[in-house]
Amino acid sequence: MQLAGIRHRPESEDTAVLAAHQLQVRLQTARDDVAQVEILFADSYLWQEGTTALERRIMQPGLATQGNQYWQTTLTVPTNRVVYAFLITDTIGATVGYGEGGFFDDVATNWQTVGNYFHMPYMHVSDAELPPAWVKETVWYQIFPERFANGVRQNDPANVQPWGAGRVHRDSFYGGDLPGITAHLDDLAALGVNGLYLCPIFTSPSNHKYDTIDHFEIDPHFGTKADFQALVDGAHARGMRVMLDAVFNHFGEQSPQWQDVIKNGEQSRFADWFHIHGWPVGRDPKTKRLNYETFATGAAMPKVNTQNPAVQAYLIDVTKYWIEQFGIDAWRFDVADEVDHGFWRALCGALRAIKPDVYLLGESWHSSQSLVGNGQFNAVMNYPLTQPILALFNGQLNPEDYVGKTNLELMMYRQPNQQAMFNALDTHDTHGY
C-alpha cells in the first residue's frame, strides 16, 4: 500500500455539507493498490458516553485521476457532530487505519481511540455556503455586447463598421447594443438558454469595456438604463437570469479617480486608491518601467488598491446598485485571483445580505480553491476543466489521460460548488476553435 498516496483534509474540498445532517466525505488513495475503504464514524460525545455505537460503512470508489483513486460516501449525522477515521485495505489484505494523527497500525485497538479520528465539530449549513439552487440548472450564453446585435443605429460609435465588411481587428466597432440583445431574447430562449452573461456594459472608450470609466453608468453606445431594465425584465419574463461583469482589479485610465491622480499627484484624494510607487505617475525615463501597478503590463489599466476601505465601500456600492435598482441575478468578477481575499469576503457578504440567492463567480485561469467558499465565490470560471477537453479533440491528449486530468479537476472543489462552475469551451479571452 502506498501510504504517500493517501490524503484527507477535514473541512476542505474533501468534506461537503450537502444539506442539514448530510456530510459528503472523500478520501484519496494511490490508484490500483487499495481494495476497500471503510469509514468509522460517530458523535464523539455520545460514543464516549456509551449511548451510541460506532457506525461503519464501506466507501464507494469514485473518480480516478492519472495517479489516484477517490473514495466517497455521504453520512447522515442527526446531531451534526461527527468524528471519523478510515480503515484502508490493500489488494493483498493488509489494513491500516488513517485519521487526524496519521496512520495507526493496531486497528484492533486504536480504532476505538477517539484521538485518532478526524473531527467535524458541528455541521452548519450556513458554513457550507451552498450555491443558489438555480445555478446548476442554468445554461449560460455569453454575450460580448459590442459584437452581438445592433438594435439602435442612433447610438453607434462614429467609426462603426458594417457587419461582414472587411477584416475584424482588435479595436473594431460594430455597434452592438442592449436593444439588440433584447430583440433576440426569443431566439436565445429557443436555444435552451436560461442565463445571460454580459461582458462589461459600463462607460468605457474600448469595444471590450474592461477599462471602466464609470461603474454607475451604461456606455452610451450600448444604450440607456431604461434599455438595460427592458433587457433584464425581458430576460426574467422568459425565465432567464442575468449576470453582469465587473472589473475591480483595475480601472481605465480615463476614470475620474485616475485622472485626478494624474492632475493632483500626491495631493489627490485618490492617491491611495492605486498601487503607486513614485511621482509623478508614469514611466521611469531610464528604465522605461511604470511606477505604478497595472493589469498585466497595460499602462491604460492602473491596478486598484482593494485593501483601502474607501475603495471597498465604493466597489461594494457599485455591485449593490445594479442588484437593487435593476434586479440582476449574478456578478462575474474579472481577474479575481489578483484581488485580496478580505475584499472579496466583504463584498460577497454584502451582496448575499441583500440577495441571498445571488450567484457570485470569479475569473481564474487555474485551480482556485482559495477563492471558492470561505465567504467568497460560489464558483470560478473553470478553464482547467476546459483545457483537457480541447486537448483531447485537438489530438494532443489520449482518452485515458483526458479522463484522468478531467477527474482531477472535478475533485478540486466540493460537489455543490462543482455543480455551479462556469464551464465554457470558448470565451472572449480564448482563441476560437
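## Residue V358

V358 is buried, with a relative accessible area of 0%; buried denotes under 20% relative accessible area, exposed over 50% and partly exposed in between, with a 1.4 Å probe and protein chains only. The model is predicted: local features need pLDDT of at least 70 and side-chain atom pairs count only at pLDDT 80 or more, while totals for chains, interfaces and linings use all residues. Residues are numbered from 1 along each chain as its sequence is written, and side-chain values use heavy atoms, with hydrogens and water left out.

V358 sits in the loop between α9 and β17 (359-362). Helices (H or I, at least four residues) and strands (E, at least two) are DSSP runs numbered from the N terminus. Leaving aside neighbours within four places in sequence, V358 is in contact (heavy atoms within 4.5 Å) with P132, I323, D329, A330, L351, R352 and N378. From V135, V358 is separated by 223 residues in sequence and by 9.5 Å in space, C-alpha to C-alpha.

## Packing of α8 with α9

Helix α8 (residues 309-326) packs against helix α9 (residues 341-354) at an angle of about 30 degrees, the axes being 10 Å apart. This makes α8 roughly parallel to α9; angles under 35 degrees count as roughly parallel, over 145 as roughly antiparallel, 65 to 115 as roughly perpendicular and the rest as oblique. Axes are lines fitted to C-alpha atoms, for helices over the stretch in contact, and angles run from 0 to 180 degrees between N-to-C directions.

On the α8 side, Q312, L315, I316, T319, K320, I323 and E324 meet F343, A346, L347, A350, L351 and I354 of α9. The residues of this contact comprise nine nonpolar, two polar and two charged.

## Packing of α10 with α11

The axes of helix α10 (residues 383-393) and helix α11 (residues 399-410) cross at roughly 170 degrees and come within 9 Å. The two helices, α10 and α11, are therefore roughly antiparallel to each other.

In α10, P384, L385, P388, I389 and L392 meet P399, Y402, K405, T406, E409 and L410 in α11. This contact of α10 with α11 has eight nonpolar, one polar and two charged residues.

## Nonpolar cores

A nonpolar core is a set of buried Ala, Val, Leu, Ile, Met, Phe, Trp, Tyr and Cys residues joined through side-chain atoms within 4.5 Å. The largest has 75 residues, of which F228, W322, W331, F333, W344 and Y359 touch the most other members. Helix α8 supplies the largest share of this core, eight residues. Apart from it lies another core, of 23 residues, including V17, L23, Y98 and F118.

Key:
Ala, Val, Leu, Ile, Met, Phe, Trp, Tyr, Cys and Pro count as nonpolar, Asp, Glu, Lys and Arg as charged, and the others, Gly among them, as polar.
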